[in-house]
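Please examine the following model with its sequence at hand.

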Amino acid sequence: MRQALGMVRRYPVWVAVILLYAVAGFFSPAMLKPEQILNILQVTAFLGLVASGQTLSLLVGGIDLSVAGVVTMTNILATSMMMGQNERIPLALACCLALGLVVGVINGILIAVLRMAPIIATLAMNAILFGAALVYTAGAPYGTSAPAFNVVGQGSLFGLPASALCWLAITLALAWIMRRTTLGRWIYAVGSNETAARFMGVPARSVLVIAYALSAILAVLGSLLLTAYIGNPSLGIGNQFLLTSVKMQVTSGAVSTDIIHLGSPEGAQAAAQSLLEPLDYKIIDPKSVPDGAKSDYCYPFDSYGTVMSWNTKTYGENPPKTWAEFWDVAKFPGRRALRANAQDLIEIALLSDGVAPADVYPVLSTPEGLDRAIKRLEAIKPNVSVWWTSGAQSAQLLKDGEADLLVTWNGRAQTVKADGGAADYTFKGSVIGTDCLAVPKGAPNKEAAMKLIAAMTQPARVAKLTDFIAYGPVNPAGYEGGLIPKDRLKTLATAPENAGTSVFSNAGWWVKNGEVAQKAFDEMMNR
């Protein structure tokens, strides 16, 4: 008994993992099958490496939000350089590792030397990397990983997944560094008290730079494992890691961030996982958000619309005016392009079937609602020429005239239109998504964070955002008093004349039902 208690005290995390897996196996015996365990190890190895890097940034008292961009850029760079050829593997790997080193060193210098807040420095780097990926690919990722490289992500050695063995080897090396080397002791010292570490002679700035460099390199290695597993490029491959970064801070009790910017689906997911503080509506104005967009945990401040767009050369002055007409291939023939994802398309499918905007989620909450939407999508599937996977790709399809009717985001369609492309779009029946501001659970300055959110979302400030991007304020007061020029209103999803027939995406519904909806969508796509 004492030995068992000693093991629990010495290895609490491993004991917790084993117990959780045992519980999962009790409710789902398939989880205990050897092949399922090996499959889980294979597909989570890349996440384990990224988490190891994040651990280093947490140990030095910071956070690394650039990992999503690093993962994405590594995937894009590796596949575009390999182009499916084994002889290109060494150069591709060298360039990817160099990318990680450069990114990590820059992050470290910004934080350690220029004393920039880690969340600002790394989030800015994340945005730069995502932008670089878009510019590098022109919105259309290309290439594929080499067959010999794919063995690392898909093959096995001694009956174990090769990716899991890579993860184990790198993790053991990192553990040795942290426990047995001077650098490891310095990392702990800087994270515990940077000032005291300096007085003890620890080169704190160099340690910070090294920690962030290692974090980025581990993110690169994680992305390479993921790329070897899937074999293809994707501009959205790193999106999941931003929320993971926040979760690591909260669960470790080392929260150093007071406010985070999330998409509302991620905000709802974070709230469901108890990662966020409840919004203090005594400080924040509860009347500044429409009913359909309200949240108890993540305050929506800007919006975009998933809209119907079309090629003006094809339809002239008589384009489809409703989603029902979008589905009418006899009256409006032409090449159609839809997003290869259930989100927003489920709602649009119901709108095309005559469901009123206010009734979309009540219908989806019935047993037959999702099935009705899937059947509607299956009906138009034979007439879809392209299932796009990134907003940039959808814009390129519209710009090049490769699709006559598209489902895309208003910002993408507006960019093509503003650049002189033969394109137009409508907000009628659009599905409105929002970005939101939240306070991580355990934030050190919670009350001040609530006050800052209240200040940041004042009408004049949210209206000013439209000077830089076609994202409309969620706060209706942002449209009052001439704060936004009249000629700009028609480009904003939540402008009074645009929002009347729209549906606010219900992030809570997607958190609860998204997995089932996506599975039904994927099954429809494979039929």
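Does phenylalanine 158 count as buried or exposed? The model is a predicted one, and in it phenylalanine 158 has a relative accessibility of 76%, so it counts as exposed, the cut-off being over 50%. This residue is found in the loop between strand 1 (156–157) and strand 2 (160–161).

Although it is not a glycine, arginine 115 has a positive phi of about 60°. Its place is the loop between helix 5 and helix 6. With a relative accessible area of 46%, arginine 115 is partly exposed, because this value lies between the limits of 20% and 50%. A positive phi, near 95°, is found as well at glycine 354, which follows helix 16.

Helix 16 itself, residues 345–352, is largely enclosed by the rest of the structure, because eight of its eight residues are buried. Among these buried residues are Leu345, Ile346, Ala349 and Leu350, and the list also includes Glu347 and Ser352.

The annotation provides another way into the chain. The unreviewed UniProt entry places the feature "transmembrane region" at residues 12–31, 37–58, 65–83, 89–112, 119–138, 158–178 and 207–230. Over residues 158–178 the model is 81% helix and 10% strand, and the end C-alpha atoms are 28 Å apart. The span 207–230 is 100% helix and 0% strand, with its end C-alpha atoms 35 Å apart.

Two helix pairs can now be considered. Helix 3 and helix 11 pack at an angle of about 170°, and their axes are 8 Å apart. Helix 3 is therefore roughly antiparallel to helix 11, since the angle is over 145 degrees. On the side of helix 3 the contact includes Phe46, Leu49, Val50, Gly53 and Leu56, and these belong to a set that meets residues of helix 11 including Leu214, Leu218, Leu221, Gly222 and Leu225. By class, the residues of the contact of helix 3 with helix 11 are 15 nonpolar, seven polar and no charged.

Helix 8 (residues 162–180) and helix 9 (residues 182–192) pack at an angle of about 75°, with axes 5 Å apart. This angle makes helix 8 roughly perpendicular to helix 9. Ile177, Met178, Arg179 and Arg180 of helix 8 meet Thr182, Leu183, Gly184, Arg185, Ile187 and Tyr188 of helix 9. The contact of helix 8 with helix 9 has five nonpolar, two polar and three charged residues.

Returning to valine 190, its contacts, not counting residues up to four places away in sequence, are with Ala197, Val202, Ala204, Val207 and Leu208.

Conventions
Residues numbered from 1 in each chain as written. Predicted model: local features only at pLDDT ≥ 70, side-chain atom pairs only at ≥ 80, totals over all residues. Heavy atoms only, no water. Axes fitted to C-alpha atoms, helices over the stretch in contact; angles between N-to-C directions. Helix = DSSP H or I, 4+ residues; strand = E, 2+ residues; numbered from the N terminus. Parallel < 35°, antiparallel > 145°, perpendicular 65-115°, else oblique. Contact = heavy atoms within 4.5 Å. Nonpolar A, V, L, I, M, F, W, Y, C, P; charged D, E, K, R; others polar. UniProt positions renumbered as here; feature names shortened; annotations may be inferred. Buried < 20%, exposed > 50% of the residue type's maximum accessible area, 1.4 Å probe, protein only.
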